[in-house]
Amino acid sequence: MRTRTLGRTDVEVTELSYGAAGMGNLYRPVADEEAAAAIDAAWDAGIRTFDTAPHYGLGLSERRLGEALRDRPRDTYTVSTKVGRLLVPADADGDDLANGFAVPATLRRVWDFSADGVRRSLEASLDRLGLDRVDIVLLHDPDDHAEQALDEAYPALERLRGEGVVGAIGVGMNQSALPARFLRETDIDVVLLAGRYTLLEQEGLTDVLPEAAARGRSVLIGGVLNSGLLTDPAPGATYDYAPAPEPVLDRARRLKAVTERHGVPLRAAALRFPLGHPAVASVLTGARSTDEVRDTVEQLRAPVPASLWDELRAEGLLAPDVPVPTPRTTPLDTPLEGTPSPKEPS
């Protein structure tokens, strides 16, 4: 699978990254065996970039990912985790479904973007992952903690990068304004932008993406299917994890009508679209099963003709200045069943 380098670092990511939130029992339980098989399927498909966080299942995602990668050569894959939420013992019984994860609430999250909190969070993540280092560390959702994240957490990450403890640092959010500020005011390497640069909407094109491109930084795109809306825009579909408003649902239906006229599934065009921007290094998607992994890879492989993007522009569904991918027949260069080298040239 093609790889790209993050910003000015030596950290490489595969064009398709595996988001491990589902491995933390997002919304419903996932058996250990099912989780391990999904990560194995991602590996067999050539994916070598894996994203997790303490938030995902109160550490369950990190533990499962670490176990699945345990016997792989450490220099053949890239791991990203996050800081900003410390996990501490909880007094109450129950589950964590209020936060979206079907796990026992034996721990609770405490926001902490202090320098000490960053180091403590990373140390705990390394322990859960069973690793002595991670490649990427992101400030996770500092929406309501912007000043502390800028004044305390970011300098701590910068020191960790300088010490060689991590290879790349950045911020991960589902808004674009604050990540753009980080790009302007700090020396981060990467932004993980969730849901704000997709085939449905391109808010990130107003600030994050041009800032990243101008400064030689990279962007990872998450939430590319807008909470599933760009999988099947049917009545009851979700958008930003809530029922999709009718105007948004209608726009998604119009996108689907265009893609289908060109013989391309909507989700295939949605997966490919962000890679048309030069600042985008990887598209990050989650999968709970081997079938979901295989479907994602096959959809990204699907040829998308230039005429599809042209019609989207003609229909007013893409602005004239929005960059689009160039046509190619094999966006993923390796067979689905193969186990290629993770460091092939971009």
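Strands here are DSSP runs of E with at least two residues, numbered from the N terminus; strand β10, residues 136-140, is one of them, and I136 has its place there. The model is predicted. Its secondary structure comes to ten helices and 16 strands.

**Overall dimensions and packing**

- The radius of gyration of the protein is 19 Å, which agrees with the value near 20 Å that a compact globule of 346 residues would have.
- Along the principal axes, the C-alpha trace spans about 55 × 45 × 40 Å.
- Buried residues make up 57% of the 346 residues of the protein.
- When contacts between residues at least 6 apart in sequence are considered, 75% of them join residues at least 24 apart.

**The largest pocket**

- The volume of the largest pocket is about 1400 Å³.
- Its lining consists of 46 residues, of which A21, L26, G223, Y241 and G286 are the closest to the pocket centre.
- Two or more lining residues come from each of β11 (168-173), β12 (190-194), α8 (266-272), β16 (280-286) and α9 (290-301).
- Helix α9 gives the largest share of this lining, with four residues.
- By class, the pocket lining holds 20 polar, 15 nonpolar and eleven charged residues.

**Cavities**

- Three cavities of 30 Å³ or more are present in the structure.
- The largest cavity contains about 50 Å³ of space.
- The residues that line the largest cavity are L16, S17, Y18, I47, T285, G286, A287, V293, T296 and V297.
- At least two of the lining residues are supplied by each of β3 (16-19), β16 and α9.
- The cavity lining has six nonpolar and four polar residues, and no charged residues.

**Helix α2**

- Helix α2 (residues 60-69) is largely enclosed by the rest of the structure, because eight of its ten residues are buried.
- The buried residues of α2 are L60, S61, E62, R64, L65, G66, A68 and L69.
- The cover over these buried residues includes the helices α1 (32-44) and α3 (115-129), together with the strands β4 (49-51), β5 (78-83) and β8 (101-104).

**Residues with positive phi**

- Most residues other than glycine have a negative phi.
- L58 is not a glycine, yet L58 has a positive phi of about 50°.
- L58 lies in the loop between β4 and α2.
- The relative accessible area of L58 is 4%, so L58 counts as buried, the cut-off being under 20%.
- D141 likewise has a positive phi, of about 55°, although D141 is not a glycine.
- The loop between β10 and α4 (146-162) contains D141.
- D141 is partly exposed, because its relative accessible area is 21% and the range for that class lies between the buried limit of 20% and the exposed limit of 50%.

- I136 is buried, with a relative accessible area of 0%.
- Leaving aside residues up to four places away in sequence, I136 touches L6, V11, V13, T78, V79, S80, T81, A168 and V190.
- I136 and D51 are 85 residues apart along the chain, and their C-alpha atoms are separated by 8.8 Å.

- A244 is found in the loop between β15 (242-243) and α7 (246-261).
- With a relative accessible area of 16%, A244 is buried.
- Apart from residues up to four places away in sequence, A244 touches L229, A237, T238, Y239 and L249.
- The C-alpha atoms of A244 and D127 are 39 Å apart in space, and the two residues are 117 residues apart in sequence.

How values were computed: Residues numbered from 1 in each chain as written. Predicted model: local features only at pLDDT ≥ 70, side-chain atom pairs only at ≥ 80, totals over all residues. Heavy atoms only, no water. 1 Å grid on protein atoms, 1.4 Å probe; cavity = no way out; pocket = protein on both sides within 12 Å on 5 of 7 lines; lining within 4 Å. Points joined across faces, edges and corners; volume = space filled by probe spheres on them. Nonpolar A, V, L, I, M, F, W, Y, C, P; charged D, E, K, R; others polar. Rg over C-alpha atoms; globule rule 2.2 N^0.38 Å. Buried < 20%, exposed > 50% of the residue type's maximum accessible area, 1.4 Å probe, protein only. Contact = heavy atoms within 4.5 Å.
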